[in-house]
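The sequence and the structure are shown first, and the points follow by topic.

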Amino acid sequence: MKIFSESHKTVFVVDHCPYMAESCRQHVEFDMLVKNRTQGIIPLAPISKSLWTCSVESSMEYCRIMYDIFPFKKLVNFIVSDSGAHVLNSWTQEDQNLQELMAALAAVGPPNPRADPECCSILHGLVAAVEALCKITEYQHEARTMLMENAERVGNRGRIICITNAKSDSHVRMLEDCVQETIHEHNKLAANSDHLMQIQKCELVLIHTYPVGEDSLVSDRPKKELSPVLTSEVHSVRAGRHLATKLNVLVQQHFDLASTTITNIPMKPTFNVCDQEEQHANTSANYDVELLHHKEAHVDFLKSGDNHIGGNSREGTFKETVTLKWCTPRTNSVELHYCTGAYRISPVDVNSRPSSCLTNFLLNGRSVLLEQPRKSGSKVISHMLSSHGGEIFLHVLSSSRSILEDPPSISEGCGGRVTDYRITDFGEFMRENRLTPFLEPRYKIDGSLEIPLERAKDQLEKHTRYWPMIISQTTIFNMQAVVPLASVIVKEAMTDEDVLNCQKTIYNLVDMERKNDPLPISTVGTRGKGPKRDEQYRIMWNELETLVRAHINNSDKHQRVLECLMACRSKPPEEEERKKRGRKREDKEDKSEKLGKDYESDKPWQESERLKGILDREKEELAEAEVIKDSPDSPEPPNKKPLITMDEMPTVEKAKGPMSLLSLWSNRINTANSRKHQEFIGRLNSVNNKAELYQHLKEENGMETTENGKAGRQ
């Protein structure tokens, strides 16, 4: 196991040859007081930095971020190369600070543009960088001392970052070959020395920088393995702010850093000198500050899949930054928060006023809570900024349930969506799969020793091949009749008695289906009565077949259970005919029930049609009677007209068209009232709604009634 990675050692090699004194051609306004200048004064010309200055500033920014976040165990060795290699510091912890490096660079000074370019080369610095990587650091020496006989486990890896102005792609390949040969030679020397270590892995990062506006003579190339020891990558970058952005990207990649942008930071605006605008003392504006830190501070976001990505980082060239919103501090740092991690931070733009105000605010002992931006719902405070011992840390607060709290009840459901878990069955499942000490060794069929852990995993896998978690998703596990089969089908080997019990269970289910017994089918989320009885049994048989088929490969006896099940599922023709008749009968009952409801609603209209028909027949009879009366041979018509009930006598308005709401309501009231009194006996004994009056008088005179109501003498 290698203890130290490539990030433990970083060697900067900066070209100090005369061509690095060339201007980067990116102008910087030097005279900012444009509107307040007195007339007649010539403005100062804009300035531009040299390639050397841009390289030094970018590399120092790289080191600043690294020192801020990793003050220990991440070391930098700075080398300047011209006519020779100038090593500015060592691997000791005392030399690892920006003050030492800036002082050493100031002593070196800018490159001399009038020097002889033939005497200068970047190769001197690359050779010195390989030599520096072979040297042992204090941390490596301490680790080797602690391991003693296992000292070879301490790895020696490093990274070389070379900033130069290459001539062409062939020039770049020459530099790579030089580094590869130098590593091979120095590894031979280190193998015979106690004070040096062989380089096991080296990353070479070549950065070709050139003035703005010129075409690059070197093409970019991603990381490529040149040998088992050396990998190389090439970046062609314009000087100025583009080079600074590239180094900012590389430091994040090399040290696994992530970006967080703090938004809505309240701050009083600055006094605008150019416009001479008076700002009110109580006004404030909101600013954003981008911070870099170790990516583990975002691990909770990555696990939950909620990245809260708010956009690109400051320069817009690197991966997205996580946006967190400033939460107005209402307490001091004495209050304790449930924190799961703390990581050092480094501002991306350290010299900006918002970054300066934020760091000063935190270094004065204040804490800032950060919340996740949400469009709706309650706010979630996930991070906190606070300082400890003069260093600022980003604290990760637990936004989920604390381990110190009681766990939630499973009946509460996950997010309030599922509440019908098989809690009792799951408790029984855990009881059947408890781990116990395995004292006596067992052997498999092939004679090999059976590992207890593997046997436990195998049993757990068999029990969970088909195990629905929700009550509404299963039928057979809600039936007591299936328990004997479900409890033995998961066994690795079944006995003949187990097979017999499974067959009895299947026969009992067939008998239940023949008797048309109800099944515990869940109707949650369905409308009406749910599936019909035939459909319920079909669902039950399908689920039972799924359970048995999941275990048929265990043994031959499991196959016998499946064969019995399939034989019972294939019903004889008479059974199918009986099922069809049962389905037709159910459909007929449903149809009659539906028609009965329709009849109740259509009854008033049918009643009106019946009354209209009676009125038409009466008109026809009256017309026929008139014709018969006019005939000379016609007998004398009866004196009285047969009585028609008032309920059956329609009005002319009723017969002309649809009945009104008043007529319908009156008919209903009359019908209800007619049931409350005794019916007239004559109407009950009438024939065709015609009742003959004074029958007792006719009987005394020897008359008898006929079917049509006419009297005849004996």
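A residue counts as buried when its relative accessible area is under 20%, as exposed when that area is over 50%, and as partly exposed in between. The model is predicted.

- Phe12 and Phe78 form a stacked pair, with 5.6 Å from centre to centre and 20° between the planes.
- Phe12 belongs to strand β1 (residues 9–15) and Phe78 to strand β4 (residues 75–81), so the pair ties together parts that are 66 residues apart in sequence.
- Phe12 counts as buried because its relative accessibility is 0%.
- Phe78 is also buried, its relative accessible area being 0%.

**The pair Trp326 and Phe361**

- Trp326 and Phe361 form a tilted pair, with 5.8 Å from centre to centre and 50° between the planes.
- This pair links distant parts of the chain, 35 residues apart: Trp326 lies in strand β13 (residues 321–327) and Phe361 in helix α8 (residues 353–363).
- Trp326, with a relative accessible area of 10%, is buried, whereas Phe361, at 25% relative accessibility, counts as partly exposed.

**A cluster of rings**

- Phe12, Tyr62, Phe70, Phe78 and Phe255 are linked into a cluster by ring pairs.

**Charges over rings**

- Over the ring of Phe70 sits the charged end of Lys74, 5.6 Å from the ring centre.
- The charged end of Arg422 sits over the ring of Phe477, at 4.5 Å from its centre.

Key:
Residues are numbered from 1 along each chain as its sequence is written. This is a predicted model: local features need pLDDT of at least 70, side-chain atom pairs count only at pLDDT 80 or more; totals for chains, interfaces and linings use all residues. Side-chain values use heavy atoms; hydrogens and water are left out. Rings of Phe, Tyr and Trp (its six-membered ring) pair if their centres lie within 6.5 Å; planes under 30 degrees apart count as stacked, over 60 as edge-to-face and the rest as tilted. Helices (H or I, at least four residues) and strands (E, at least two) are DSSP runs, numbered from the N terminus. Buried means under 20% relative accessible area, exposed over 50%, partly exposed in between (1.4 Å probe, protein chains only). A charge sits over a ring if NZ of Lys or CZ of Arg is within 6 Å of the ring centre and within 35 degrees of the ring normal.
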